[in-house]
Amino acid sequence: FQKVVDRNAEKIYTEIFMRIQTKDSIESPKLFLDIAKKRGLYTQIIEQLIDHIKDIQEQKAVNVSCEDLYDEKLLNIYLESFKNTNTIFELQNDASLHDDKAKEKIEILKNSGIKICLDNIENADDIKRFPIDFVKVSGELTRHLYRDANVLSICQEIISTCKELNIKTIAAHINSEGTFEETKKLGFDAFQGYFLEKPTFTFAE
């Protein structure tokens, strides 16, 4: 769990990460989930994960692959579990988001009371294509904000586009007070990173 905060460092929502804890480290589940898909276990795993988090009442965000939305069974599971439950779906800005069906599926989620955040945004182009509520800017951009004029220009364009469309902007990878102040000064609405809170294994009220 890791919170996303406003300009006063007050919590807006909590993002829920899926991680695998080994004896020596905490790992991303990507490889594990890829194997689960090949063995036909993926949907069962997603259902078990949903059971652990669906009753959290506070605003929360879960990471969802766009590929899941193109699977009618999985889409229906998500809708039944999270309809009107104060939930945000964070969708990765990857190749699956550029499928022709993406906008249609996102509109179905929105009509069910699920808010949408596009994650890992690196330019303003994709923002205009979808009915979304939040945009999370790539950590690669926020880390180099005032070291690279081109990066600064990209972030300014993203913020300007989002303000026009009434979309909230989130600066990711805020790992120092300096980066927090820089991104606030530029006009970001919300922030997430180790400086504000390290991920934990418990949901903080």
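Visitor: In what kind of crossing does H4 pass H5?

Guide: The crossing of H4 past H5 is right-handed. Please keep in mind that this is a predicted model.

Visitor: At what angle do H4 and H5 pack, and how far apart are their axes?

Guide: Helix H5 covers residues 102-111, and its packing angle with H4 is about 25 degrees. The axes of the two helices lie 10 Å apart. That angle makes H4 roughly parallel to H5, because angles under 35 degrees count as roughly parallel.

Visitor: Which residues make the contact?

Guide: H4 contributes Glu72, Leu75 and Leu79. From H5 come Lys105, Ile108 and Leu109. Sorted by class, this contact of H4 with H5 holds four nonpolar residues, two charged residues and no polar ones.

Visitor: How does H2 pack with H4, in terms of angle and axis distance?

Guide: Helix H2, which spans residues 42-53, packs with H4 at about 5 degrees, and their axes are 11 Å apart. H2 and H4 are therefore roughly parallel to each other.

Visitor: Which residues are in that contact?

Guide: On H2 they are Tyr42, Thr43, Ile46, Glu47, Ile50 and Ile53. On H4 they are Lys73, Leu74, Ile77, Tyr78, Ser81 and Phe82. The contact of H2 with H4 divides into eight nonpolar, two polar and two charged residues.

Visitor: New topic: which residues of the largest nonpolar core touch the most other members?

Guide: That core has 53 residues, and those touching the most other members are Tyr78, Phe89, Leu91, Ile127, Val135 and Ile158. The element that gives the most to this core is H4, residues 72-82, with six residues. As general background, nonpolar side chains in soluble globular proteins tend to be buried together.

Visitor: And what does Ile158 touch?

Guide: Leaving out residues up to four places away in sequence, Ile158 touches Ile121, Glu122, Asn123, Ala124, Ile127, Val135, Val137, Leu141 and Thr169.

Visitor: Which residues are in the other core?

Guide: Another core lies apart from the largest one and has eight residues, among them Val4, Ala61, Phe134 and Ile170.

Visitor: Now Leu118: is it buried or exposed?

Guide: Leu118 counts as buried, because its relative accessibility is 0% and buried means under 20%. Its place is in strand E7, which runs over residues 115-121.

Visitor: What is Leu118 in contact with?

Guide: Setting aside neighbours within four places in sequence, Leu118 is in contact with Leu91, Leu97, Asp126, Phe130, Ile132, Phe134, Val135 and Lys136.

Visitor: How far apart are Leu118 and Ser65?

Guide: In sequence, Leu118 and Ser65 are 53 residues apart, and in space their C-alpha atoms are 11 Å apart.

Visitor: What is the phi of Asn120?

Guide: Asn120 has a positive phi of about 65 degrees, although it is not a glycine. Asn120 is placed in strand E7. Its relative accessibility is 30%, so Asn120 counts as partly exposed.

Visitor: And what about the phi of Asn166?

Guide: Asn166, which is not a glycine, has a positive phi of about 60 degrees. Asn166 is found in the loop between helix H7 (149-165) and strand E9 (168-171). With a relative accessibility of 67%, Asn166 counts as exposed.

Visitor: Let us turn to Lys54. Where is Lys54 placed?

Guide: Lys54 is in the loop between H2 and strand E5, the latter being residues 60-64. Lys54 has a relative accessible area of 31%, so it is partly exposed.

Visitor: Which residues does Lys54 touch?

Guide: Not counting residues up to four places away in sequence, Lys54 touches Lys60, Ser81 and Phe82. Its C-alpha atom is separated by 8.1 Å from that of Thr85, which is 31 residues away along the chain.

Visitor: Last one: where is Lys101?

Guide: Lys101 is in the loop between strand E6 (87-92) and H5. Lys101 is partly exposed, as its relative accessible area is 37%. Between the C-alpha atoms of Lys101 and Asp55 there are 29 Å, and the two residues are 46 residues apart along the chain.

Notes
Residues numbered from 1 in each chain as written. Predicted model: local features only at pLDDT ≥ 70, side-chain atom pairs only at ≥ 80, totals over all residues. Heavy atoms only, no water. Core = buried A, V, L, I, M, F, W, Y, C linked by side-chain atoms within 4.5 Å. Buried < 20%, exposed > 50% of the residue type's maximum accessible area, 1.4 Å probe, protein only. Helix = DSSP H or I, 4+ residues; strand = E, 2+ residues; numbered from the N terminus. Contact = heavy atoms within 4.5 Å. Axes fitted to C-alpha atoms, helices over the stretch in contact; angles between N-to-C directions. Parallel < 35°, antiparallel > 145°, perpendicular 65-115°, else oblique. Left-handed = near helix turned anticlockwise from the far one by under 90°. Nonpolar A, V, L, I, M, F, W, Y, C, P; charged D, E, K, R; others polar.
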